[in-house]
Amino acid sequence: MKRLILHTALLIAAAISLIPFLWLACASVKTSEKLFEHPFLPWAEIGHWITGHGPCPLTSDNYIQLFAREPFLRWMWNSLFLSATQTVLTVVLGSMGGFALAKYSFPGKRLIMGLMVLTMLLPSQVLLPSTYELMYRLGWVNSYLAILVPAAVSVFGIFLFRQAMTSVPDELLLAARVDGCSELRLWWDIAMPVVRPMTGAYTLMSFLAGWNSYLWPQVVLQDEGKFTLPLGLANMAGMATYQGNYGILMAGTLLSLLPVIALFFWLQNDFVAGLTEGALKG
């Protein structure tokens, strides 16, 4: 009985959480005149259309105008490229740093870890002026290097992998060294498979952070052709305020969710396992 009540409560909570997405999907196929008349879809008109007694109340013009009037595919490709590249760099470098902190002893290790923790106390917004000046002196303003290089290493990711790497048995690493395994192969072939759940969870979090990044790309990117989806959608939102093209904005917002949803379904098992593993260790 308790299990039934729990599952019912979870289903209700899941249904409530999906209401905004349902509204977004409905708004993306409605005309501007019908957008604010009904919260979801005009069910009466849909019923007339199904029975053949009226015109179709749904429209695909919002999606047609989105691709015709805006460089939406370019923005999506830019976001996919930056998010995927940033995720690969963050996961690879973070896992290597976590492996080194977990399995190697060297002078100044505690000092380095303490300094890394201190950097996590600084809000990223505080570092914007100095980081922008550095990018300007390097000539990286309006370049993707200004986005990828500063985000390539995450202190949070290093400590996350360090915690996960402590579960790798030292005896297993020692046996691999006796067999002639190099240090890079120890990291890639021995340690990484053991922490695969954490890798999947952190991959999803890193991609989502890069996909939703808005402030820093807005500061360093100037050409519209290099804009990411958040920047492009923000510009569309500003134009929709004056032009009333909210349906196009809703269509673009809905399409921007699809890559993240697809990645979540691909990595959902590792994501849940990684969170569970962290909870059990805590």
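Student: By class, how many nonpolar, polar and charged residues does the lining of the second largest cavity have?
Tutor: The model is predicted, so local features need pLDDT of at least 70 and side-chain atom pairs 80 or more, while totals for chains, interfaces and linings use all residues. Numbering runs from 1 along each chain as its sequence is written, and side-chain values use heavy atoms, without hydrogens and water. The lining (residues with an atom within 4 Å of a point on a 1 Å grid where a 1.4 Å probe fits but cannot get out) includes Leu82, Gln86, Ile147 and Trp211. With Gly counted as polar and Pro as nonpolar, the classes are 4 nonpolar, 6 polar and no charged residues.

Student: Which helix supplies the largest share of the lining of the second largest cavity?
Tutor: Helices are DSSP runs of H or I, at least four residues, numbered from the N terminus. H5 (72–103) and H12 (196–212) each supply at least two lining residues. The largest share, 4 residues, comes from H5.

Student: Which residues touch the most other members of the largest nonpolar core?
Tutor: Such a core joins buried (under 20% relative accessible area, 1.4 Å probe) Ala, Val, Leu, Ile, Met, Phe, Trp, Tyr and Cys through side-chain atoms within 4.5 Å. Helix H15 (residues 246–281) gives the largest share of this core, 9 residues. Of its 36 residues, those touching the most other members are Leu66, Phe72, Leu221 and Met236.

Student: Leaving aside neighbours within four places in sequence, which residues is leucine 221 in contact with?
Tutor: Leu221 belongs to the largest nonpolar core. Contact means heavy atoms within 4.5 Å. With sequence neighbours within four places set aside, its partners are Asn142, Ser143, Tyr144, Ile147, Lys226, Phe227 and Leu231.

Methods: On a 1 Å grid over the protein atoms alone, a cavity is a set of points where a 1.4 Å probe fits but cannot get out, and a pocket is an open set with protein on both sides within 12 Å along at least five of seven lines; lining residues have an atom within 4 Å of a point. Buried means under 20% relative accessible area, exposed over 50%, partly exposed in between (1.4 Å probe, protein chains only).
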